Amino acid sequence: MSGFGGFVLRRTLGTVITLFAISVIVYVVFYATPGNVAQITCGPRCSPAQVHQVAEQLRLGDPLYVRYGHFLQGLLAGQDYSTGTSVQHCPAPCLGLSYQTDQQVMRLILTKLPVSLSLVFGAMAVWLVLGVGTGVLSAWRRGRLSERVLTGLTLAGQATPVFVIGLILMIVVCGQLELLPFPQYVNLSDDPEQWAWNLVLPWLSLALVEAAAFARLTRASMLETLAEDHIRTFRAYGVGERSVIGRHAVRGALAPIIALNANTFGSAVGGAVLTETLFGLPGIGQELVHAVNVVDLPVVVGMVLVIGFFVVIANAVADVLYAVADRRVVLT
Amino acid sequence: MSEALAASPAPAADFSAAGASGARQFWRRLRAQRAALVAAAVVALLVLVALAAPLLTAVEGQDPTTYHPSLVDSARGGVPVGPLGGIGADHWLGVEPQTGRDLFARLVYGARVSLGVAIAATLVQVLIAVVVGVSAALGNRWVDQVLSRMTEIIVALPLMIMSLALLAIVPGSFPRPVLVALVIGLIAWGTLAKIVRAQTLTLKQLDYVAAARLSGWGTWRIARRDLLPGLAAPLITYSALLVPMNIGVEAALSFLGVGVKPPTPSWGQMLTAADVWYQAAPQYLLLPAGALFVTVLALTVLGDGVRTALDPRAASRLRVGTGRRGEARADAGTAAGTDPLRPGTPADGTKEATA
């Protein structure tokens, strides 16, 4: 077990280094661009005096590494911001201040985060059930008509951009059939039932696209496992087909599914931006699009860092789960 | 996918050793797959339409940007005049609500943007991936460490988020389609670079490369003469799958209003505008949605076909098989396993296409 503990430790260390590197890259890309950074950060309607203040706040006179150090210090230990008349304390992890809205970026993100987490994790449940289910079914029914139909559907699902699926779902289900009202976000703590009903369509649109990859992967790795010798032995001993599929073949597909799930998390975060914008869900994605459109740089940078943080953590967790699920993996 | 690519230098050998006959073999294997053939025809048609966009619109007598206020009913909020959204001899697919711009012209010019941006982005991705991947595989331990770490980080950055953010800070004067292609290209090369590195490491072990090194060839010459041809198969396979993914990303960015900006027509952008018109002018929504769907589907199926044609395992199944072609093609998906070298890295290159 010490080997496993060491693996987790090394993986954690690697994750911390990756996170640090991402913060450096993001900082350099966005705060060391040619052009007037203070003006861009402050927003187009800032007065020269305000721009000057922002420039001081960002320490634009200092060399880049000092500025980054300052930024990192805020991230780890918090920071004080003077907003002209008063001093505002921004506790760690401080992602800075949006000069356009006078709001702390971290606070803004925290108010939007539950919406995005509801969306992505709900969709994850849907795409896992749907994708793995389809994959198992089509590996089982291999060569029959039902398998071909499933393969066709999977391909179609994969080829449809998430916002097209969402748009069509919304028009058909809410507009034409009037089965559901147009989605409006309700807090989980306020009314769990309404929360779920309003998220059905966003979950589906996000999950349908991602499910396709799981269906293909599950099908492929199950077929691979089914062709292996030990499965033939099970069959020769008279183990039922249901048990062969359910107990043994699915288990072989588990590790790759875990790995794919981590990567899908990254792309689903991107898909969530589209889904939130389309359905008007007040999550991080919608806020990011807004911040991009009005060029609110501190918000953009903060969101990229937070989202990157989640994706990196998801990958690290998946690596550990992968090692647990597949003992053949050599821990390095 | 990278498992099959990285672990099997054989498709590479087809290209480097057999040359022209390798290409012939590739065509024969591609032709054996009906779905891939149909997809190839659709893709060819789309490319043709995109290239001939000015010609086609000239034949129609329209252009994508002229407003036709007389063709929309301003009393009814700008709904196109006439049946089916104003379809007729002058406007083959009708006109846009509110502005009256010709939909056919916007659609075919949109194909230019979609395909152009996606292909340009793919070229950028391939270029960076080859440089980084080959350098990492051939360089010393430090070069490899630095480049591999860099690749890991690039892979970890979510493409949609990064491109959204990057597009925010670039001044608006920069030509937008070029910018979108560059941004997508500069962010999403990580997976391909990993594949190139793995494949180069495999090729490096082969006898003919060792022979070249023993006969005193320099690293650069070996890379150019011996390794690049061997990389052709994985590069072609993977870029065939990158193109539909990039189309999806461009459409998504334009849909969000940060990609290609009006008046340049783009399918994603048309969808945003069409959102509210689905009842009054459904074809306004269905045309770009259908165009995107068909294009991405055709490119994906073609990409799968190319992969099968270049994968000797799948291809042999194709030839010896029982005539169930669909099965052989789908089995190429077996490759969608995980990279055995790195736990936690599923190798299905198409996953981001879903964004």
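## Where two helices meet

In this predicted model, helix α10 of chain A (residues 241-279) packs against helix α8 of chain B (residues 159-169) at an angle of about 55°, and their axes are 7 Å apart.

Which residues make the contact? From α10(A) come V269(A), G270(A) and V273(A), while α8(B) brings L159(B), M160(B), I161(B) and L164(B). Sorted by class, the contact of α10(A) with α8(B) has six nonpolar residues, one polar residue and no charged ones.

## The side of chain B that touches chain A

Stepping back to the two chains, 50 residues of chain B are in contact with 64 residues of chain A. On the chain B side, the elements that give two or more residues are α7 (141-156), α8, α12 (219-255), α14 (282-310) and α16 (325-331). Helix α8(B) has the largest share of that side, with nine residues.

What classes do the residues on this side of chain B fall into? They divide into 32 nonpolar, 12 polar and six charged.

## A core with residues of both chains

In soluble globular proteins, nonpolar side chains tend to be buried together. Here, the largest nonpolar core has 185 residues. Those with the most contacts inside this core are L288(A), V300(A), M303(A) and V304(A) from chain A, together with I161(B), L164(B) and L271(B) from chain B. I161(B) and L164(B) also belong to the contact of α8(B) with α10(A). Helix α6 of chain B (residues 103-138) supplies the largest share of the core, 20 residues.

For a closer look, take M303(A). Leaving out residues up to four places away in sequence, M303(A) touches I109(A), I284(A), E287(A), L288(A) and A291(A).

## The chains one by one

Chain A contains 12 helices and four strands, and its C-alpha atoms fill a box of roughly 80 × 60 × 35 Å along the principal axes. Of its 332 residues, 43% count as buried. Among contacts in chain A between residues at least 6 apart in sequence, 66% join residues at least 24 apart.

Chain B has 16 helices and two strands. Of the 355 residues of chain B, 54% count as buried. Counting contacts in chain B between residues at least 6 apart in sequence, 72% link residues at least 24 apart.

Definitions and conventions. Residues numbered from 1 in each chain as written. Chains lettered and ligands numbered in written order. Predicted model: local features only at pLDDT ≥ 70, side-chain atom pairs only at ≥ 80, totals over all residues. Axes fitted to C-alpha atoms, helices over the stretch in contact; angles between N-to-C directions. Contact = placed C-beta atoms within 7 Å. Nonpolar A, V, L, I, M, F, W, Y, C, P; charged D, E, K, R; others polar. Buried ≥ 20, exposed ≤ 12 C-beta atoms within 10 Å, placed from the backbone. Core = buried A, V, L, I, M, F, W, Y, C linked by C-beta atoms within 7 Å.
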